[in-house]
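Visitor: I would like to learn how to read the features of a protein model. Could you take me through one?
Guide: Gladly; let us look at it together.

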Amino acid sequence: MTARGERPVDLDSSATTPVSRRVLEKMIPYFREEYGNPSSPYDAGERAKMAVTEARLAVASFLGAESREIVFTSGGTESNQAAVRSSLLQRPDRRTVVLSAIEHSSILGLADEFERNGYRVRRVRPRPDGRIEAEDVDEAVTTDTALVAVMWVNNETGAIAPVGTIGEIAHRKGALFHCDGVAAVGKVPVDLSAVGIDSLSLSAHKIYGPKGAGALFVRRTEAFHPLIPGSQERKRRGGTENVPGIVGLGEATREAMDFLSSGVEPVKRLRDRFEHGVLQMFPGARRNAPAEEAVRAPHMTNLLFPGIPGEKLLWFLGKKGIRVSMGSACSAGSVEPSHVLLSMGLTREEALSSLRFSLGRQVTEADIDRTLAVLSEMAVTVGRRVS
Ligand code: PMP
């Protein structure tokens with residue numbers, strides 16, 4: 001609750017989400033009554049193993065994959081790093097890596113290390129609206145490319161990449177295609193039986209599951225070099241399984257499937273109402289995201305408030321119990337401009353005057369109107385200063 005007793009408004013669901021009641025209830029028994037180690041050869045171990053198997057089935061069917069293609073991990077960061085490192089070991093004769101310039105830091109952060117190890121890293125920039133174009137990827141990929149990594153949905157703008165075409169481009173040149181699916185799953189339909197993705201990462205805490213749990217899809221036709229060797233997860237990820245976390249992730253994917261099948265129209269309408277309100281209120285305000293509905297995720301937008309420091313807006317909204325972000329939470333501790341916005345061609349000042357708004361399932365029309373009302377106070381203050 002805020003100081004005035006109001007419910008906080010969470011417009012930062014891309015940073016994280018609360019564990020849903022349904023997920024929490026499913027997890028609880030696995031902390032105490034059903035605390036067995038899945039590797040133990042007696043009844044409690046068998047039941048824990050069964051719970052992990054059921055969760056694996058849920059994640060696999062949610063993604064259009066097979067159970068044996070799912071490896072449980074500690075989250076998106078581990079999944080991304082495991083997949084990228086494994087892909088390079090899979091194509092040892094190739095020395096080029098193609099990454100989009102808007103990847104999450106868990107992938108982009110590896111680029112320096114790869115360059116030190118003799119790899120050439122080619123970064124594909126987005127178009128001014130944040131979209132990665134297939135033809136730009138095509139230009140960067142050669143027969144020396146070991147790996148192409150492009151995220152499905154960008155976590156700062158919501159731009160959707162043409163992952164089907166990118167998969168074809170990578171495969172035509174014999175490269176592997178890794179896709180960070182963290183911002184896509186639960187927001188847009190993800191069907192891995194229909195696209196040529198070799199590995200895809202996801203994270204439970206972005207879809208109303210627990211933090212510290214995630215999964216990596218690895219296509220059955222590809223070998224996998226584990227980041228953490230050990231006997232668990234069919235020798236793909238060592239360490240005693242995080243059984244409650246895995247159970248939570250499984251249930252979160254079931255719930256996400258229900259959410260997606262009931263339709264994303266309501267959240268899209270709220271997002272549009274919000275966007276429209278802001279664009280009308282602030283002269284020169286702009287959307288840092290694609291205009292076309294087919295290539296943007298329904299729940300988010302990124303807006304430029306010209307001449308107003310984003311930090312100031314963030315603080316003002318925060319004081320009123322409204323939570324938003326300047327970019328990915330992982331870089332929110334610093335006031336560095338977003339690498340995603342800079343790569344779209346925004347100036348440093350523009351990037352620092354932009355905010356990301358990501359609407360979770362619990363956001364209501366009243367929340368949007370309250371946020372617009374708070375922003376209008378800000379708009380009036382700015383207007384007064386300008387005039
Ligand atoms: N990829 C994207 C697109 C993300 O937004 C995040 C979380 N900020 C991650 C990867 C990392 O996921 P996790 O927090 O589970 O490590």
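Guide: Let us begin with a term: a salt bridge is a side-chain nitrogen of Lys or Arg within 4 Å of a carboxyl oxygen of Asp or Glu. Here the side chains of Arg-361 and Glu-255 form one, at 3.9 Å from N to O. This is a predicted model, in which local features need pLDDT of at least 70 and side-chain atom pairs count only at pLDDT 80 or more, while totals for chains, interfaces and linings use all residues. Residues are numbered from 1 along each chain as its sequence is written, and side-chain values use heavy atoms, with hydrogens and water left out.

Visitor: How many salt bridges does a search of the whole structure find?
Guide: The search finds 31. Another of these pairs is Glu-6 with Arg-370, at 3.8 Å from N to O. Glu-6 lies in the segment before strand 1 (9–10) and Arg-370 in helix 14 (residues 365–386), so the pair ties together parts that are 364 residues apart in sequence. Helices (H or I, at least four residues) and strands (E, at least two) are DSSP runs, numbered from the N terminus.

Visitor: Which domains does the assignment give for the protein chain?
Guide: Domain bounds come from an automatic or database domain assignment. In this chain, domain 1 covers 9–19 + 263–386 and domain 2 covers 21–260. Their centres, taken over C-alpha atoms, are 27 Å apart. With contact meaning heavy atoms within 4.5 Å, domain 1 contributes 34 residues and domain 2 contributes 39 residues.

Visitor: How do I read the size of an interface?
Guide: It is often given as the accessible area lost when the parts come together. Buried area is the accessible area (1.4 Å probe) that two parts lose on being put together, summed over both. For domain 1 and domain 2 this is about 2900 Å², 55% of it on carbon and sulfur atoms. Val-19, Met-344 and Arg-361 supply 25% of the area that domain 1 buries against domain 2, more than any other three residues.
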